[in-house]
Amino acid sequence: MFSFFKKKPKDTPAPQESPASAGEVQSTVPAEVTPAPVPVTAPVSTATEQKSWFGLFKRDAAPAPQPEEELAQDVTSPTPASSSPPAPPPMPALAVEEENEEEGEIVPAAPIELEQKRSWMQRLKSGLSKTSSNLTTLFVGAKIDEDLYEELESALLMSDAGVEATQFILDSLKKKVKSEKLTDAEQVKTALRALLIDMLTPLQKPMVLGRHQPLVMMIAGVNGAGKTTTIGKLAKHLQAHQQSVLLAAGDTFRAAAREQLAIWGERNNISVIAQESGDPAAVAFDAVQSARARGTNVVMIDTAGRLPTQLHLMEELKKVRRVIGKGMASAPHEILLVIDGNTGQNALAQVKAFDDALGLTGLIVTKLDGTAKGGVLAAIAKTRPVPVYFIGVGEKIEDLQPFNAEEFVEALLT
């Protein structure tokens, strides 16, 4: 489950001047305030790897920064007072492997508490309970006949797995039952579990940090999918992995969108680049230039919600991407689509449209808690296998976690 994360050595780029934008740039954190230094972890070899229990990100550990470099960091994580015991972290911390330099032996750190995994699995199972209810009851005392396959077909279609994915699952299951001569309903359920894991595993991919300085993320989606809230949660995760973050309020259309992002920025002690009124592309450009000047690790650019059928707004999104590329030649490095898990097959249509327009690098599926349409991930895997970086099953920060195919299927069939 652990994944590894390549972090390349970087040369700090010289600050560049931003072109005049439509409005005056504002930041929720004044530039003259010097943030507290980022807590320094034990130095590790460049060959040593850092791990996250959830497989959140992957990278090669870099040597611990010098004090002068720490002061240049733009975002810090709160440090607990020495007089009282530290509060438990809201999410899993990095598990760092320390190298024994004398013997050349890699000594793994202590494993993270199993309670955290159990807590996440309980929330995941609870969130997917409506989707799984029809699937789990099929195999109780059932005979392996055409009636069982028909009921399974209906359950998959009701979960919005789609016709193509459903037919693929049924055909594969029938072949497996015949070739392995399965005679018990529980054996068929186990075979179905293995098929679903194989089908969804290609969607499981860790987000690689440190490839660029800064790493620029562009976040898109339709109205109401939860883009701004997801950005705030993801920023908190990034901070927990020692990444400084800058947010760009590129949603200049929706009322209070800028203020909502500013609240997340204040809550996490993160700077937010915004304009009173202006072009979203100009806001994105200014954010990239600011991050390069400050040496920020990650830039997350919010965009206004739009439907794929609103062609003029889709063209505006393409413009934002082009302008980001002018601010940094290789950017954007991640183009993420936030989709609402409750929309079912409509979410698949959104993935196709935004992928055709922008070339998506990953998905974040929100609001899976309480939905009966969790099967849409099977449809995505079969027809448009864009990696699913994160899934959300609640409003809390810890309710947004990296997608794991085995955990997801386990929650569906338990």
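Which residues in α4 meet which residues in α5?

Guide: Two remarks on the source come before the reply. This is a predicted model, in which local features need pLDDT of at least 70 and side-chain atom pairs count only at pLDDT 80 or more, while totals for chains, interfaces and linings use all residues. Residues are numbered from 1 along each chain as its sequence is written, and side-chain values use heavy atoms, with hydrogens and water left out.

On the α4 side, the residues are E146, Y149, L152, E153, L156 and L157; they meet V163, T166, Q167, I169, L170, L173, K174 and V177 of α5. Contact here means heavy atoms within 4.5 Å. By class, this contact has 9 nonpolar, 2 polar and 3 charged residues. In that division, Ala, Val, Leu, Ile, Met, Phe, Trp, Tyr, Cys and Pro are nonpolar, Asp, Glu, Lys and Arg are charged, and the others, Gly among them, are polar.

The helices themselves are α4 (residues 146-158) and α5 (residues 163-180), whose axes come within 10 Å and cross at roughly 150°. α4 is therefore roughly antiparallel to α5. Angles over 145 degrees count as roughly antiparallel, and those under 35 degrees as roughly parallel. Axes are lines fitted to C-alpha atoms, for helices over the stretch in contact, and angles run from 0 to 180 degrees between N-to-C directions. Helices are DSSP runs (H or I, at least four residues), as are strands (E, at least two), numbered from the N terminus. The crossing of α4 and α5 is right-handed, a term used if the near helix is turned clockwise from the far one by less than a right angle.

Within this contact, the charged end of K174 sits over the ring of Y149, 5.2 Å from its centre. The criterion is NZ of Lys or CZ of Arg within 6 Å of the ring centre and within 35 degrees of the ring normal. F168 also has a charge over its face, that of K382, at 3.9 Å from the ring centre.

In the loop between α5 and α6 (185-200) lies K181, a residue other than glycine with a positive phi, near 55°. Most residues other than glycine have a negative phi, and most peptide bonds are trans. The peptide bond from Q213 to P214 is cis, with omega near 0°, and P214 belongs to the loop between β7 (207-208) and β8 (215-221).

Technical notes
Parallel < 35°, antiparallel > 145°, perpendicular 65-115°, else oblique.
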